[in-house]
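Biologist: I have a model open and a few things to ask about it. Can we go through them one at a time?
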Amino acid sequence: MLYTAIVTAPRWLIDARLALNEDAKYCPVRATMALLGQKWVPRIIYELMQGKRRFNELASVVGGCNSRTLRDRLKGLEDLGILERTVITQMPPWVEYNLTPKGRELGLALRKLEDWGRAYMAEPIVQA
């Protein structure tokens with residue numbers, strides 16, 4: 001059973017075992033946390049909550065993510081229906097990324113986590 005899950009795992013999920021509970025059954029919470037646990041994914045969603053972005057704009061605001069990794073993360077999010085990719089065919093052509101309704105819902109869930117963090121995860125006091 002575990003082997004089948006790994007072989008048929010979507011490409012965004014690097015390790016399918018992250019989506020399985022102790023009984024080797026699919027767990028949506030673990031799958032969501034595996035998606036959000038990927039480096040850059042929460043930041044990409046956060047930035048797209050502000051509105052449409054071109055690839056280079058995203059690369060700039062996400063900061064520190066190389067182009068190949070950003071491309072892979074965007075493709076995975078597109079495959080999941082979290083964002084949509086629009087090719088603008090003017091000269092010069094460019095690509096815009098925007099959250100779908102499903103992606104905006106995920107963004108709102110991240111904002112709830114942000115609210116919780118502000119309320120309960122106060123900045124540590126650093127003593128000199």
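Biologist: Is Tyr120 buried or exposed?
Modeller: Tyr120 is exposed, with a relative accessible area of 59%. Buried means under 20%, exposed over 50%, and partly exposed in between, with a 1.4 Å probe and protein chains only. This is a predicted model, where local features need pLDDT of at least 70, side-chain atom pairs count only at pLDDT 80 or more, and totals for chains, interfaces and linings use all residues. Residues are numbered from 1 along each chain as its sequence is written, and side-chain values use heavy atoms, leaving out hydrogens and water.
Biologist: And what does Trp116 count as?
Modeller: Partly exposed, because its relative accessibility is 48%.
Biologist: How many aromatic pairs are there?
Modeller: One. Rings of Phe, Tyr and Trp (its six-membered ring) pair if their centres lie within 6.5 Å; planes under 30 degrees apart are stacked, over 60 edge-to-face, and the rest tilted.
Biologist: Which residues form it, and at what angle between the planes?
Modeller: Trp116 and Tyr120, tilted at 45°, with 5.4 Å centre to centre. Both sit in helix 6 (residues 101–120), four residues apart, about one turn of the helix.
Biologist: New topic. At what angle do the axes of helix 3 and helix 4 cross?
Modeller: Roughly 120°, and the axes of helix 3 (residues 41–48) and helix 4 (residues 55–62) come within 10 Å.
Biologist: Which residues make the contact?
Modeller: Arg43, Ile44, Glu47 and Leu48 of helix 3, and Leu58, Val61 and Val62 of helix 4; contact means heavy atoms within 4.5 Å.

Note on methods:
Axes are lines fitted to C-alpha atoms, for helices over the stretch in contact, and angles run from 0 to 180 degrees between N-to-C directions. Helices (H or I, at least four residues) and strands (E, at least two) are DSSP runs, numbered from the N terminus.
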